[in-house]
Amino acid sequence: MAFQIMLNVLIAVTWMFFYSSFTSSRFIVGYLLGALLILLFRRFFKDRFYLLVVWAVIKLVILFFKELILANVDVLKHIIRPKLTITPGIFAMETKLSSDWEVTLLANLITLTPGTLVVDISDDNKTLYIHAIHLPDADEAINGIRNTFEKAILEVTGK
Amino acid sequence: MIVINSLIIILTILGSLFALLAAVGVLRFPDVYTRNHAASKSATLGITCILLATFLYFWFVKGEVFTSTLLGIFFILLTAPVAGQLIARAAYYSGVKLWDKSGRDDLKEKAKAYQTEH
């Protein structure tokens with residue numbers, strides 16, 4: 001992916017050299033043309049077309065903010081309820097993600113969406129121990145995380 | 001202009017409200033883990049809202065773009081969950097108990113193995 005971005009910048013700079021005018025608008029036009037060229041020649045690259053990855057990252061960020069706001073409202077309801085009706089608990093969740101930064105990202109996303117907080121990660125990076133503020137059904141919570149964050153991260157890495 | 005102004009007002013009020021309710025949550029919740037929930041997240045969203053309102057105010061009202069507020073949002077979103085996680089982990093491994101009414105506890109065995117090792 002980094003190689004494709006470097007190549008795209010190089011094409012844009014070459015485009016500026018063709019016109020010998022070094023303005024940002026010329027650079028942007030060259031960059032768009034370069035993206036088109038890379039799209040046309042995508043079968044020569046080992047990875048996917050890199051703008052797909054960028055799009056997946058944007059979708060992940062949007063999903064994150066949506067979940068952050070929705071789930072915060074959920075915890076606020078617990079706070080202002082006259083009687084505490086919560087049943088906290090710690091549940092274990094197996095994850096498909098393998099590399100360090102993927103697990104770190106998943107743990108940070110889980111922690112920032114209220115209702116769940118990562119307490120510990122097992123030594124082999126396979127199991128996340130998550131504290132939930134209200135845990136009527138652990139499987140439901142696990143499936144929720146799987147279907148949103150884990151799926152979105154897998155989409156970014158393309159596996 | 002009116003749209004931007006009301007957006008700034010709404011964001012500021014929402015941010016302060018989130019921060020206040022997070023403080024109430026810290027007081028009301030029964031044990032360290034549930035308090036950690038309120039402290040590390042509702043507060044984060046509150047600060048994000050207030051910083052965003054600051055950014056919009058200086059951009060549209062004063063005509064200056066302070067990108068450092070956006071960087072502040074980014075760094076808070078990056079560091080707050082790690083801090084919350086480390087506090088919870090340190091509490092668990094130093095033997096702080098969960099609330100009585102807690103349901104399941106899957107981490108117990110791993111913590112027990114850790115404590116016999118050290």
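How many residue pairs are in polar contact between chain B and chain A?

## Where the chains meet

The count is six residue pairs, both residues at pLDDT 80 or more. A polar contact here is a pair of N or O atoms within 3.5 Å; within protein, one must be able to donate a hydrogen and the other to accept it, and residues adjacent in sequence count only if both atoms are side-chain atoms. On chain B, the side touching chain A gets at least two residues from each of α1 (2–28), α2 (32–60) and α3 (67–93). Helices are DSSP runs (H or I, at least four residues) numbered from the N terminus.

This is a predicted model, so local features need pLDDT of at least 70 and side-chain atom pairs count only at 80 or more, while totals for chains, interfaces and linings use all residues. Residues are numbered from 1 along each chain as its sequence is written, chains are lettered from A in the order written, and side-chain values use heavy atoms, leaving out hydrogens and water.

## How much gets covered

Together, chain B and chain A bury about 3,300 Å², with 69% of that on carbon and sulfur atoms. (Buried area is the accessible area, with a 1.4 Å probe, that two parts lose on being put together, summed over both.) In chain B, the residues losing the most area to chain A are R28(B), H37(B) and K41(B), which make up 19% of what that side buries.

## Salt bridges

Look for a side-chain nitrogen of Lys or Arg within 4 Å of a carboxyl oxygen of Asp or Glu: that's a salt bridge. There are two over all chains. One salt bridge links chain B and chain A: D120(A) pairs with R89(B), their closest N and O atoms 2.8 Å apart.

Inside chain A, K59(A) pairs with E155(A), and here the closest N and O atoms are 3.0 Å apart. K59(A) sits in helix α3 and E155(A) in helix α5 (residues 138–157), so this pair ties together parts of chain A that are 96 residues apart in sequence.
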